[in-house]
Amino acid sequence: MPGKKIKKIEIDGRKISCEKEETILQAAKKAGIEIPTLCHDDRLEPYGGCRLCIVEVKGVGRPLPACTTPVTNNMEIRTENDTIKRIRKNIISLLLSNHPNDCMRCEKTGDCALQGLAYRYDVDGSRFEGEQWDLPIRDDNPFITYEPNKCILCGRCVRICNEVVMAGTIDLVGRGFNSMPDTAFRKPRSLDNCEFCGQCVSTCPTGALTDKKARGRGRAYEMKKVRTTCSYCGTGCNFDLNVKDGKVVKVTSAYDAPVNHGNLCIKGRYGYDFIHNADRIKTPLIRKGDSFHEATWDEALDLIAGRFSGLMKKYGNKSVGAFSSSRCTNEENFLVSKFARTVFKNNNVDNCARV
Amino acid sequence: MAEKKKAKAKTAIRAKTGSGPKAKGPDVTGLTIRVCVGTGGLAAGSQEVIDSFHTELKAHGLEAAVEKKSVNKTGCRGFCAKDVLADVIFNGSASTYQRLTPEKIGRIVEEHIINGRPVEEWLVGPDYHIFHDKQTKILLKQCGQIDPEDINAYIGIGGYEGAKKALSLTEFETIEEVKKSGLRGRGGAGFLTGLKWEFCSMSRAAPKYIICNADEGDPGAFMDRSIIEGNPHSVIEGMIIGGYAIGANTGYIYIRAEYPLAIERLKIAIDEATKKGFIGKNVFESGFDFEIRIKEGAGAFICGEETALIASIEGKRGMPRSKPPFPVNKGLRGKPTVINNVETLSNLPSIITKGASWFSSIGSEQSKGTKVFALTGNIKNTGLIEVPMGISLKEIIYDIGGGIEKKNRKLKAVQTGGPSGGCIPASRIDMPVDYESLTRIGSMMGSGGMVVMDNATCMVDMSKFFISFTQSESCGKCVPCRIGTKRMLEILTRITEGNGKDGDIDLLVELGTDIKLSSLCGLGQSAPNPVLSTINFFRKEYESHIKKGICPAGACKALRQYVVNAEACKMCGKCARVCPSSAVIWQPKQKAVINKSKCVKCGACFDACPFKSIM
């Protein structure tokens, strides 16, 4: 049954055209209709685990998950009815029934998808009292803190580790109520089994996975987000520097970034310590004899310009060149090459990213 | 008690015409001994029985009988309660012995084989014949007759004729024949096998796969295991037919590693079939290539779900995924895949050889053929039975099963479909057993578990057992199944412990309904069935636990109360002596009284009382 390229569907009475391979969730999102979900991340394959995105499809006896159901022509969808609302409330209640009532001091407060849904559907965990996990916090590594008690098993960390990073550090272990994401043999994360890219942290909808270095240093709503481009290599990943009180506290994913879609490596996500390091050089240094002396930019640039001019006068303009860094942005590298070609009047330009 | 009934079990049997060497002593030309070597039989000591037959035959100068292999192994014949079972076919008549032990063999050889007088007291009783007479055996028939480790035995009863015939037809004709037969999947949902094949054959992607689902996981169910152990070639032949019909050159058998005997026999069978050219390149010189691989599962119940099974074969964690896409379009390694259950596949050879109309003449309007059930619980004759679809539950329980095991008890309910099924109350046992009727009453066919319960079974406790099974076997992927069944289990636990609350029943119904509606796979969608169906039919029993603190069946230990019936008490004091918590107040020549606050409800006094005066 080869379908037509464009399918016409109706969501909550609104007529929408969508592409053949789209799911109901994608079609709704494009049309600006929100369907609640906890296990979906655009970077990952549809999963259908949290069951919150179930919707009513006309002619189908049971609710269908929007995230995994492909659209078919003339599909009529209602994103919520009384039954679905009741089921959603019960699912959130069930999640909260095995979740610590710890929002007051949780890193994720204000930025937590579970908290948001509990507020929106006006439920708490009291309806289904019962056993709760009481597992220790796992922070036996420098970057990632894992609080299993806050895990809702959406599987996003597991999937991003396996589908995107392909590191295979974690998977779900155990069965039934005791299933949880963990490393093989539940060993601590180390460079033997983990890349510390923090992709799992970036996708976690709750406070189960957090950036260890930023814990206790401010909630999401206290941060000023400054979009920037990673300077570690030439890929050009974007991310948001989270700034509080003039200091960079952590790095978060920029999901709309055209190059990396929110994905980052260990350098981009965790390599920001140098910014506020006390040993960091903040002014130019000029060597006099065996020691360096602080100088102003004018002094330093005058010295450099004078020496370059002297060398070129003595040995010709091809005797000098410019070597730039892959940690500079494309624009900076462009300027360096421009400088070499117009001031040195030669083509002696290179960059460490060449290797 | 049943053995006391004298039995005369002699049925005509086709005389074996062999030309074995003449031996001294009686002529053993026509002697055949068949010993059940299913897992049940082996556990009961059938290998020792076989060894003992060999030793005793030799000791009585009947080496010839051993040499010409008169002692044969067969698969399970269903009546496992009577294991070890063995047929002794001699001088044209067959006698079946039950509950054999190696010590009994000497006498059988001496009296039966040498002197020609069967040992009457060890023969099976009339219940054995009643058990079998009401059944319609297609699949299990051969299980109890042929040696599962010998391909020639299978060929001797017409084996591989179905595959040969199918390969002489076109793929389309084969699918049409299966469609016409009305065969439906025996693994649970009952989807039409022919239709599934058709969907898969329409897909143009290649390669395609056929998978035999032998990951039988329902508690107490062993239909598939017995078929594989007793007649592995029928499954392999079914796979060849299916593989040919859909265009798959590779078949997988996904079988749990806990079935070592079945795996061993499958390996032997695949080996022998390959040597005969039934598997491999150019099968039956039709140009069709087919190979079969065995994949051993680690015993997760969820891996019986087809998408989880595929994930497991692919080396991933056994977790189901949403459908669509269905495996017939995107299955193993993203390629079109048909997954059929052992019993389904095992039906195929006879459908092809005897024709679709023969098969569809058996069974009911919408459910064709026979179904194998594992009959267990508080019933006299437990074991494996094969009955035509549409037979009434009553016939299964009272005729084949022989009724309730204990004399003073009554039938209360029947659970079908294992942990995914529901409970059928005694008042409804006139119902026919087929896919539609079972679903209508809130249960399901499932893979064929059938647990019979008497009035000493507590329905709340029974639901608790099944939900604790599904909870611990849940893969954890979706919230309703992972946490929902856990909360249901906790509510059921507190009800059985006397801590139930008002509103608990409604909460169970609401939660159960939502879990059914919103779970991802068949496990979660059916997990609340035992609870919902028992609330539907036995709501009063739940209420009694919660409101009165009484378990009407007397099964919930925490709700038991032991009291002394003063009229029956003979003042012996045995109860006081066994009581571990000094709860029985007794003085010589005085009637005993139980102090409820000290009683730990262990039941020691109940067991100790010789006059049944403790209740």
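**Domains, chain and helix packing**

Modeller: The centres of domain 1 and domain 2 of chain A, taken over C-alpha atoms, lie 26 Å apart; the domain bounds come from an automatic or database domain assignment. This is a predicted model, in which local features need pLDDT of at least 70 and side-chain atom pairs count only at pLDDT 80 or more, while totals for chains, interfaces and linings use all residues. Residues are numbered from 1 along each chain as its sequence is written, and chains are lettered from A and ligands numbered from 1 in the order in which they are written.

Colleague: Which residue ranges does the domain assignment of chain A give?

Modeller: The assignment gives domain 1 (6-80), domain 2 (93-276) and domain 3 (285-354).

Colleague: How many residues of domain 1 of chain A are in contact with domain 2 of chain A?

Modeller: Two residues are in contact if their C-beta atoms, placed from the backbone, lie within 7 Å. Here 10 residues of domain 1 of chain A touch 16 residues of domain 2 of chain A.

Colleague: How are two packed helices described?

Modeller: One gives the angle between their axes and the distance between the axes. Axes are lines fitted to C-alpha atoms, for helices over the stretch in contact, and angles run from 0 to 180 degrees between N-to-C directions. Helices are DSSP runs (H or I, at least four residues), numbered from the N terminus. Helix α2 (residues 82-97) of chain A packs against helix α21 (residues 504-518) of chain B at about 100°, with axes 10 Å apart. Arg86(A) and Ile87(A) are among the contact residues of α2(A), and Leu511(B) is one of those of α21(B).

Colleague: What share of the 615 residues in chain B is buried?

Modeller: A residue is buried if 20 or more other C-beta atoms, placed from the backbone, lie within 10 Å of its own. Such residues make up 55% of chain B.

Terms used
Helices (H or I, at least four residues) and strands (E, at least two) are DSSP runs, numbered from the N terminus. A residue is buried if 20 or more other C-beta atoms lie within 10 Å of its own, exposed if 12 or fewer, and partly exposed in between; C-beta atoms are placed from the backbone.
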